[in-house]
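This report sets out the features of one protein model.

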Amino acid sequence: MKLRLRGLSRPEDRFEDWIAQRHQERVLEGSTTPGGPCPDEAFLKDLAKKSKRIALGDPRVDHAANCSNCMRRLLALRREHHSRRLRLVLAAAVASCLLIAAVFVGLTRRGSNSKQQVADLVAVPASLDLWNAGTFRGDQPGALRAVSLPAALVKVTIILPRYSDPGRYAVAVTRDQRGNDLLAKASAAATGNRDREEVSIYLDLRKSQPGSYFLSTTHEQDQASYYYPLQIR
């Protein structure tokens with residue numbers, strides 16, 4: 001059995017390749033005399049594929065190796081076979097890439113869903129109804145009834161004040177109404193309609209000390225922030 005290293009070729013191997021090339025050229029030029037009739041198309045296809053069903057002692061092999069017509073057809077069939085195999089390899093590679101991508105996306109989504117499920121199990125549900133609450137913006141004072149949340153990981157649903165615009169809202173818990181000493185922040189798109197909008201978000205208040213704070217809502221489109229007194233218990 002021959003053993004060839006990539007990029008290297010023994011002199012006898014190069015000589016054999018040269019002999020084969022010269023023989024092929026002579027056959028294609030019509031300088032050889034084949035014996036017997038030309039084999040059928042099915043035999044030439046098997047020969048082009050180097051099928052194990054064909055014995056080298058078969059006289060049709062000798063004919064095809066010395067007939068210009070059979071040689072041309074054999075070379076064409078080999079090119080077609082090589083091209084077909086290349087397309088299959090490329091198709092398999094593309095299919096493998098798509099499968100890997102699908103598995104990655106599935107695992108990513110599963111991981112996200114798992115994190116969401118864990119958060120849902122751990123989080124304390126809470127609801128804040130600001131529908132009839134007055135608001136004050138920035139430094140403006142206001143006599144507002146304080147809302148209350150526990151010092152925990154909270155999944156809170158906030159019913160926004162009357163006439164709140166739809167869109168995405170950022171919700172934050174701060175020490176004062178200027179936004180100083182941020183304790184927690186999250187954002188989500190409001191759901192509902194123009195008559196009643198609400199936002200559901202997670203706020204991690206586990207490190208907060210009980211006391212008085214402010215809850216702010218900021219519409220991300222106009223960046224208007226409104227503050228509400230908050231008691232963490």
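## Salt bridges

Arg206 and Asp204 are joined through their side chains in a salt bridge, with an N to O distance of 2.7 Å; the term denotes a side-chain nitrogen of Lys or Arg within 4 Å of a carboxyl oxygen of Asp or Glu. Asp204 is partly exposed because its relative accessibility is 35%; buried means under 20% relative accessible area, exposed over 50%, and partly exposed in between, with a 1.4 Å probe and protein chains only. The model is a predicted one, in which local features need pLDDT of at least 70 and side-chain atom pairs count only at pLDDT 80 or more, while totals for chains, interfaces and linings use all residues. Residues are numbered from 1 along each chain as its sequence is written, and side-chain values use heavy atoms, with hydrogens and water left out.

The whole structure contains 4 salt bridges. One of them pairs Arg73 with Glu41, whose closest N and O atoms are 2.5 Å apart. This pair connects distant parts of the chain, since Arg73 belongs to helix α4 (residues 68-122) and Glu41 to helix α2, 32 residues apart. Helices (H or I, at least four residues) and strands (E, at least two) are DSSP runs, numbered from the N terminus. Arg73 counts as partly exposed because its relative accessibility is 30%, and Glu41 is likewise partly exposed, at 32%. A further salt bridge links Asp181 to Arg175, with the closest N and O atoms 3.6 Å apart. Asp181 has a relative accessibility of 46% and therefore counts as partly exposed; Arg175 is also partly exposed, at 40%. In general, side chains of opposite charge can pair when their charged atoms come close.

## Overall architecture

The protein chain has 4 helices and 10 strands. Along the sequence, their order is α-α-α-α-β-β-β-β-β-β-β-β-β-β. Of the 233 residues in the protein chain, 33% are buried.

Accessible areas come from the Shrake-Rupley method with a 1.4 Å probe, and for residues only the protein chains shown count as cover. Among contacts in the protein chain with a separation of 6 or more, 65% are between residues 24 or more positions apart; a contact means heavy atoms within 4.5 Å.

Within α2, the buried residues include Phe43, Leu44, Asp46, Leu47 and Ala48. Just after α2, Lys50 adopts a positive phi of about 60 degrees. Lys49 is located in the loop between α2 (41-48) and α3 (59-66), and it counts as partly exposed because its relative accessibility is 47%.

Lys45, Lys49, Arg84 and Arg87 together form a positive surface patch. Patches are made of residues with over 30% relative accessible area and no salt bridge, with like charges joined within 9 Å. Lys and Arg count as positive, whereas His and the chain ends are not counted. The place of a charge is taken as NZ of Lys or CZ of Arg.

Glu197 lies in strand β8 (residues 196-204) and is buried because its relative accessibility is 4%. Beyond its neighbours within four places in sequence, Glu197 contacts Ile158, Ile159, Leu160, Ser164, Asp165, Pro166, Ala190, Thr191 and Gly192.

Pro166 sits in the loop between β4 (153-159) and β5 (168-174). Its relative accessible area is 32%, so Pro166 is partly exposed. The C-alpha atoms of Pro166 and Arg196 are 9.2 Å apart in space, although the two residues are separated by 30 residues in sequence.

## Positive phi angles in loops

Most residues other than glycine have a negative phi. Tyr163, which is not a glycine, has a positive phi of about 70 degrees. Tyr163 also belongs to the loop between β4 and β5, and it counts as exposed because its relative accessibility is 71%.

Gln223, again not a glycine, has a positive phi of about 60 degrees. The residue is placed in the loop between β9 (211-219) and β10 (224-232). With a relative accessibility of 52%, Gln223 therefore counts as exposed.

Terms used: Patch = residues over 30% accessible without salt bridge, like charges linked within 9 Å, V, L, I, M, F, W, Y side chains within 5 Å.
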